[in-house]
Amino acid sequence: MSRLEELKDRIDSREAKIGVIGLGYVGLPLAVEFAKAGFTVVGFDVDGEKIRALDAGESYIEDVPAKDVKEQKAAGRLSATTDFAKLSTTDIINICVPTPLTRTKDPDVSHMAKAIEDIAKRLRSGQLVVLGSTTYPGTTSELLIPMLEGSGLTIGTDFSVAFAPERIDPGNSKFTVQNVPKVVGGETPLCTELASKVYGTIFDQVVPVSSTATAEMVKLLENTFRSINIGLANEVALMCDRLGLDVWEVIDAAATKPYGFMRFVPGPGLGGHCIPVDPSYLSWKMKSLNFSARFIELAIDINTSMPGHVARRVADLLNEDRLAVNGARVLILGVAYKPDVGDVRESPAIDVIEALEAKGADISYHDPHVSEVMIGDTTFKNVELSDEVLTGCDIAVIVTDHSEIDWDRVVAKAPRVFDTRNATKNVREGRERIRKL
Ligand SMILES: NC(=O)c1ccc[n+]([C@@H]2O[C@H](COP(=O)([O-])OP(=O)(O)OC[C@H]3O[C@@H](n4cnc5c(N)ncnc54)[C@H](O)[C@@H]3O)[C@@H](O)[C@H]2O)c1
């Protein structure tokens with residue numbers, strides 16, 4: 001029996017040792033789930049601070065309880081290290097490193113390349129390598145496999161490779177790691193079988209597809225679909241603004257149609273590591289094939305214009321009361337990119353703050369999940385939402401609709417409110433002070 005065939009039995013018996021490279025929003029929950037399923041898991045990260053936290057039994061990801069980290073560590077199933085030499089002790093390696101954009105908005109594959117290089121140096125017969133980072137179609141076969149074959153071993157006979165996109169939704173307690181189906185595309189049928197087997201131990205459903213590139217494209221379709229539909233909702237918001245209509249009323253009424261319509265909402269712009277980034281991976285790849293991904297570019301154009309639109313609407317609202325933005329005390333409510341998380345990556349709040357600061361506004365923010373945020377050279381610190389803070393601002397701008405914020409109180413105390421999320425929909429008193437996107 002080949003070592004790859006043997007791996008099937010080792011997965012069944014939980015003897016297979018699992019490595020996870022990149023212990024962030026994606027990698028840490030995955031590592032903990034595999035440990036909970038009975039595997040011995042080693043996490044790898046270049047960030048020594050994360051390793052220190054995990055060694056101390058702490059969790060820095062809101063969806064991963066510290067209790068789980070402590071329990072799995074105590075059971076000897078979970079450890080973390082910056083020592084990549086330990087990769088040689090693992091049988092299955094998951095790559096969960098960031099895939100951002102460069103300053104010119106092209107894919108930045110440097111983190112992936114470094115992780116693959118670290119694996120290639122120690123690759124041994126019988127290992128399965130699964131790429132989970134979101135990336136352009138062709139990455140696994142054009143970048144990962146050639147780098148691994150540089151070790152002298154052969155894909156399919158010596159080692160296995162699959163792409164299995166991550167669909168985690170941080171902060172979502174209804175859809176967690178287990179109950180979101182896992183798409184898996186292997187380089188060979190055995191690669192798909194092995195990856196499906198190992199993911200079948202922690203996911204309720206595994207969806208095998210015919211190739212690594214198909215699996216890569218599945219993930220990009222999902223996030224491009226969101227980007228384009230949010231772009232449409234944002235453009236409808238701009239149209240409703242011109243037409244003097246309430247976009248939220250329009251969307252909510254349209255969403256009563258039981259078929260053929262899916263509810264997407266406008267907002268102050270896109271945020272997070274996925275939706276503002278992933279479609280650019282696809283359009284970049286298509287450019288290399290002389291194909292212009294027009295829907296993607298249009299959605300990016302509209303979505304990235306939203307923070308500027310918010311800043312203009314805030315200026316208009318102040319202007320109605322003969323107030324200048326220059327010197328106005330603007331209280332931003334929520335700087336995380338979405339409700340009930342503390343992640344500020346690509347958050348539209350940053351662009352809104354920058355646009356208002358450029359006009360001379362005096363900015364402060366409240367966000368129960370973010371104690372401080374660095375914008376340009378300035379570090380902003382969370383202010384408590386006291387009555388004085390609310391009454392003392394000239395305008396409160398709702399950028400993120402965290403569930404713990406009391407919107408009745410915000411509207412009761414702040415002199416004017418600009419609501420980009422329809423967070424104040426249930427507020428009854430003082431609605432005349434609210435303007436919505
Ligand atoms: N966050 C999400 O909601 C989400 C959802 C689905 C898919 N994804 C995708 O998953 C991937 C990871 O995203 P994330 O949100 O977990 O990122 P993250 O920034 O939270 O975590 C990535 C981790 O990788 C580490 N790292 C960077 N380079 C490394 C290297 N060479 N070796 C070892 N560790 C390294 C970083 O220190 C960090 O701890 C990205 O491709 C992203 O697009 C993210």
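Trainee: Is the crossing of α10 and α11 left-handed or right-handed?
Mentor: The model is a predicted one. In it, helix α10 covers residues 278–288 and helix α11 covers residues 294–320. Where α10 and α11 cross, the handedness is left-handed.

Trainee: Which residues of α11 meet α10?
Mentor: From α10 come Pro279, Ser280, Leu282, Ser283 and Lys287. By class, the contact has four nonpolar, two polar and two charged residues. On the side of α11, the residues are Ile296, Glu297 and Ile300.

Trainee: At roughly what angle do the axes of α8 and α10 cross?
Mentor: Helix α8 spans 212–243, and α8 passes α10 in a left-handed crossing. The axes come within 8 Å, and the crossing angle is roughly 115°.

Trainee: How many residues in the contact of α8 with α10 are nonpolar?
Mentor: Helix α8 brings Met217, Lys219, Leu220, Asn223, Thr224 and Ser227, while α10 brings Asp278, Pro279, Tyr281 and Leu282. Among these residues, three are polar and two are charged. The number of nonpolar residues is five.

Trainee: Which strands are the edge strands of the open sheet?
Mentor: The sheet has eight strands in the order β3-β2-β1-β4-β5-β6-β7-β8, with mixed pairing. An edge strand here pairs on one side only. Neighbouring strands are turned by 25° against each other on average, direction ignored. The edge strands are β3 (78–81) and β8 (206–209).

Trainee: Which residue in β5 stands opposite Ile93?
Mentor: Strand β4 holds residues 92–95 and strand β5 holds residues 128–131. The two run parallel and are joined by four bridges. Opposite Ile93 stands Val129.

Trainee: What covers the buried residues of α6?
Mentor: In helix α6 (residues 139–149), the buried residues are Thr139, Thr140, Leu143, Leu144, Ile145 and Leu148. Part of their cover comes from strands, including β6 (160–163). The cover includes β4, α5 (110–122), β5, β6 and α8.

Key. Residues are numbered from 1 along each chain as its sequence is written. This is a predicted model: local features need pLDDT of at least 70, side-chain atom pairs count only at pLDDT 80 or more; totals for chains, interfaces and linings use all residues. Side-chain values use heavy atoms; hydrogens and water are left out. Two strands pair if DSSP finds at least two bridges between them. Axes are lines fitted to C-alpha atoms, for helices over the stretch in contact, and angles run from 0 to 180 degrees between N-to-C directions. Buried means under 20% relative accessible area, exposed over 50%, partly exposed in between (1.4 Å probe, protein chains only). Contact means heavy atoms within 4.5 Å. A crossing is left-handed if the near helix is turned anticlockwise from the far one by less than a right angle, and right-handed if clockwise. Ala, Val, Leu, Ile, Met, Phe, Trp, Tyr, Cys and Pro count as nonpolar, Asp, Glu, Lys and Arg as charged, and the others, Gly among them, as polar.
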